[in-house]
Each structure stands twice: as C-alpha cells, then as structure tokens.
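Subject: Structure handover

Hello,

Here is the structure for your files. My notes on it follow below.

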Amino acid sequence: MKKFWKAAGSRAVRTMAQTAIATMGTSAFMQDINWYLVGSASLLAGIISVLTSIATGLPEVEGEK
C-alpha cells in the first residue's frame, strides 16, 4: 500500500506541474499570469490524478501487496 501512495503522489505532482506550465503558457508576459488560476487548476488536476489512480489502479504496483 505504501508503494501505491508513493506512485500515486508522484503522478499527481507531475500532473500538477504539467498543468501549471500549460496554464502559465497562456499568458504572454509574467505579470499577466493569474497565479490564483494556476494554483487552483494545478491543485484540481492533482486531486483528479489521485482519484483516477484510486479508481483505476497503477500499472507499476498492480499485483503487489
């Protein structure tokens, strides 16, 4: 179970980083970035990633106990 949470957390962090980069990329200049939007979208993406991992499982920990 510990390996599952470590893998799910790792996936969630990567998903959050990708979402943050994509959200920041929609602004032309750094001062135009809506940091609230970046943070909330990234957090939501991380939560969805963890829930998806719980619902579907993770191939790297399948069959382990």
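In which crossing, left-handed or right-handed, does helix 1 pass helix 2? The crossing is right-handed. By convention, a crossing is right-handed if the near helix is turned clockwise from the far one by less than a right angle, and left-handed if anticlockwise.

Some ground rules. This is a predicted model: local features need pLDDT of at least 70, side-chain atom pairs count only at pLDDT 80 or more, and totals for chains, interfaces and linings use all residues. Residues are numbered from 1 along each chain as its sequence is written, and side-chain values use heavy atoms, with hydrogens and water left out.

The fold. The protein chain has 2 helices and 0 strands. These are DSSP runs, numbered from the N terminus (helices: H or I, at least four residues; strands: E, at least two). Helix 1 covers residues 2-24 and helix 2 covers residues 35-56.

The packing. The angle between the two helices is about 150 degrees, and their axes lie 8 Å apart. Axes are lines fitted to C-alpha atoms, for helices over the stretch in contact, and angles run from 0 to 180 degrees between N-to-C directions. Helix 1 and helix 2 are therefore roughly antiparallel (angles over 145 degrees). Helix 1 brings residues including Phe4, Trp5, Arg11 and Met24 to the contact (heavy atoms within 4.5 Å). Helix 2 brings, among them, Trp35, Leu43, Gly46 and Ile54. By class, this contact has 15 nonpolar, 7 polar and 1 charged residues. Ala, Val, Leu, Ile, Met, Phe, Trp, Tyr, Cys and Pro count as nonpolar, Asp, Glu, Lys and Arg as charged, and the others, Gly among them, as polar.

Overall shape. The C-alpha atoms fill a box of roughly 50 × 15 × 15 Å along the principal axes. The radius of gyration is 15 Å, whereas a compact globule of 65 residues would have one near 11 Å. That radius is taken over C-alpha atoms, and the globule rule is 2.2 Å times the number of residues to the power 0.38. Of the contacts with a separation of 6 or more, 71% join residues 24 or more positions apart.

Two residues to look at. Thr23 lies in helix 1. Thr23 counts as buried, at 14% relative accessibility. Leaving out residues up to four places away in sequence, Thr23 touches Leu37, Val38 and Ala41. Lys3 is also in helix 1. Lys3 is partly exposed, with a relative accessible area of 46%. Buried means under 20% relative accessible area, exposed over 50%, partly exposed in between (1.4 Å probe, protein chains only).

Best wishes

Conventions
Angles under 35 degrees count as roughly parallel, over 145 as roughly antiparallel, 65 to 115 as roughly perpendicular and the rest as oblique.
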